[in-house]
Amino acid sequence: MMARTFGWSIHGSAIVAVAAVLAPAQASAQQTEAPAAGAQVASVASAPDMFGRTRNVSVAERPRPGYEAVGARVGGFMVYPKVEIQAGYTDNLLATNSNTINDTYARIRPELAVSSQWSRHAINAFARASATRYNENSAEDVDAWAVGAGGRVDIARQTYLAPTASFSELTEPRTAANSPFSAAAPIQFKVREAGARLQHISNRFKLSLIGNASQLNYEDGRTPLGGTVEQDQRDRSVYTAIARVDYAVSPDTAVFVQVGGNDRPYRLPSTATYAARNSSGYDVFVGSEFDLGLLFRGEVAAGYIKQSYDDVRYDDVDGAAVRARVEYFPSQLTTVSLTATRSIEDSAAVGSAGILSTDVKLAADYELRRNIVLHAEAGVGQDEFRGIDRTDDRWMAGVEALYLINRRLGASIGYRHQDRSSGGAFGGQDYSANSITVSLVSQF
């Protein structure tokens, strides 16, 4: 069982508290104040040596005896309760380029995780919530929550099925590319999601089949004068299917081919004045995953993505695609990681159906002491709105220090800068924002 050390875990490549999963993150085309609903909660069956990638252990993953949650045993399950209390400051609460507002806030995040302790099969579940209250701008107060469950059915020694399901009520950050700056309060939405992964290993081959279905329902916003900021046109379902075949070239390297398809029907139909963004698409990737010596671990892939829209008023969106997650281990105390993605996201801007979104991030974790971890990260991104003249260039940088006081208490302090420059005839809001957070986590 993976160690639970104050919930500090990987988010992208950065160390963050699992209790902080409901926190605002770097702006992107699809961002929420909680993790994407349906995040993997099922345990993964142990793979044979040909696909085992445990030679290198990152700073974030390393077990820390004496600082790991004990939990409570209830029958054949372990229960892990946790709560985080956070204080923060931002100098640009609304993510605007003029008349910026600064404010302080308090946030509380309770969480409960449950995992089975069986020798075969597995069940896991979680419940998380977040309540944020601002000192001077109560319209920006946010409540969010998520519940989910998953499992693993061990069909055979090297074959398993892992289903997941979740339900979330989330809030779109002001920094998100699709966030309407005319709304007097952040936009809220609900996500229902269910999926499953079937994996089978036979000698040097690994076959993975993944299916997922989600439904997003956005609530209308209000202008400062009481008008309606329509969001019903964003309500949609998303269905995805992925097939992947890995071939182990050696015990530490495999190559793979992955093919995926999706269908994105919107709730409202097209009219003479409104074009629904119903679409279908596919992606093809060829890549490699590896765990080389004591230096590198990760996965890199390149391919092609395309999204086609039912309404002729929208052009197809396509282009080269990349997906990379590479960790470098210069020493046992340091982990440097690089992540890169290019994907097609849905757009909420009038006249644009899709966004070609690219993100690259570099991060480093350093274990100053067994109970003190330092983290730094920097990233750049671009959102290219197809169909209209708009391109958003983004960058961010941040630092964080984590201090594990004892088995039950942990603390962190962090700073983050975010910046967006939106160009073109239909450009959105430019903004630059700085934030500071101080957190105290208690686990049992």
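What follows is a set of questions and answers on the predicted model shown above.

Trainee: Which elements give two or more residues to the nonpolar patch on the surface?

Mentor: The patch is formed by residues including Val153, Ile155, Leu161, Phe205, Leu207, Tyr247 and Val249, with about 860 Å² of accessible area together. The elements that supply two or more of its residues are β7 (142–156), β10 (205–218) and β13 (236–250).

Trainee: Is Ile155 of that patch buried or exposed?

Mentor: Ile155 is one of the residues of the nonpolar patch, and its place is in strand β7. A residue counts as exposed at over 50% relative accessible area. Ile155 has 51% relative accessibility, and is therefore exposed.

Trainee: Which element gives the largest share of the largest nonpolar core?

Mentor: That core has twelve residues in all, among them Phe256, Phe285, Ile305, Tyr309, Tyr314, Val317 and Leu356. Two elements give two or more residues to the core, namely β16 (296–309) and β17 (317–331). The largest share, three residues, comes from β16.

Trainee: How many residues are in the second, separate core?

Mentor: Among the members of this second core are Leu170, Leu216, Tyr218 and Val238. The core as a whole has nine residues.

Trainee: Which aromatic arrangement do the rings of Tyr309 and Tyr314 adopt?

Mentor: A pair of aromatic rings is described by the distance of the centres and the angle of the planes. For Tyr309 and Tyr314 the centres are 6.1 Å apart and the planes are at 65°. Planes over 60 degrees apart count as edge-to-face, so the pair of Tyr309 and Tyr314 is edge-to-face.

Trainee: What is the relative accessible area of Tyr314, and which residues does Tyr314 touch?

Mentor: Not counting residues up to four places away in sequence, Tyr314 touches Ala275, Ala276, Arg277, Tyr309, Gly351, Ser352 and Ala353.

Trainee: How many residues apart are Phe77 and Trp118, which form an aromatic pair?

Mentor: A search of the whole structure gives eight aromatic pairs. In the pair of Phe77 and Trp118, the rings are edge-to-face, at 5.4 Å centre to centre with 70° between the planes. Phe77 is partly exposed at 25% relative accessible area, and Trp118 is partly exposed at 39%. The pair links strand β4, where Phe77 lies, with the loop between β5 and β6 (122–134), where Trp118 lies, and the two are 41 residues apart.

Trainee: Is Ala95 buried or exposed?

Mentor: Ala95 lies in the loop between β4 (77–90) and β5 (103–116). Its phi is near 55°, a positive value in a residue other than glycine. With a relative accessible area of 4%, Ala95 is buried.

Trainee: Is Asn203 buried or exposed?

Mentor: Asn203 is not a glycine, although its phi is positive at about 55°. Its place is in the loop between β9 (188–202) and β10. At a relative accessible area of 65%, Asn203 is exposed.

Trainee: With which residues is Gln231 in contact?

Mentor: Gln231 lies in the loop between β12 (228–229) and β13, and is buried, with a relative accessible area of 4%. Leaving aside neighbours within four places in sequence, the contacts of Gln231 are Pro180, Ile187, Tyr218, Glu219, Asp220 and Gly221.

Conventions. Residues are numbered from 1 along each chain as its sequence is written. This is a predicted model: local features need pLDDT of at least 70, side-chain atom pairs count only at pLDDT 80 or more; totals for chains, interfaces and linings use all residues. Side-chain values use heavy atoms; hydrogens and water are left out. Patches are made of residues with over 30% relative accessible area and no salt bridge: like charges are joined within 9 Å, nonpolar side chains (Val, Leu, Ile, Met, Phe, Trp, Tyr) within 5 Å. Accessible areas come from the Shrake-Rupley method with a 1.4 Å probe; for residues, only the protein chains shown count as cover. A salt bridge is a side-chain nitrogen of Lys or Arg within 4 Å of a carboxyl oxygen of Asp or Glu. Helices (H or I, at least four residues) and strands (E, at least two) are DSSP runs, numbered from the N terminus. Buried means under 20% relative accessible area, exposed over 50%, partly exposed in between (1.4 Å probe, protein chains only). A nonpolar core is a set of buried Ala, Val, Leu, Ile, Met, Phe, Trp, Tyr and Cys residues joined through side-chain atoms within 4.5 Å. Contact means heavy atoms within 4.5 Å. Rings of Phe, Tyr and Trp (its six-membered ring) pair if their centres lie within 6.5 Å; planes under 30 degrees apart count as stacked, over 60 as edge-to-face and the rest as tilted.
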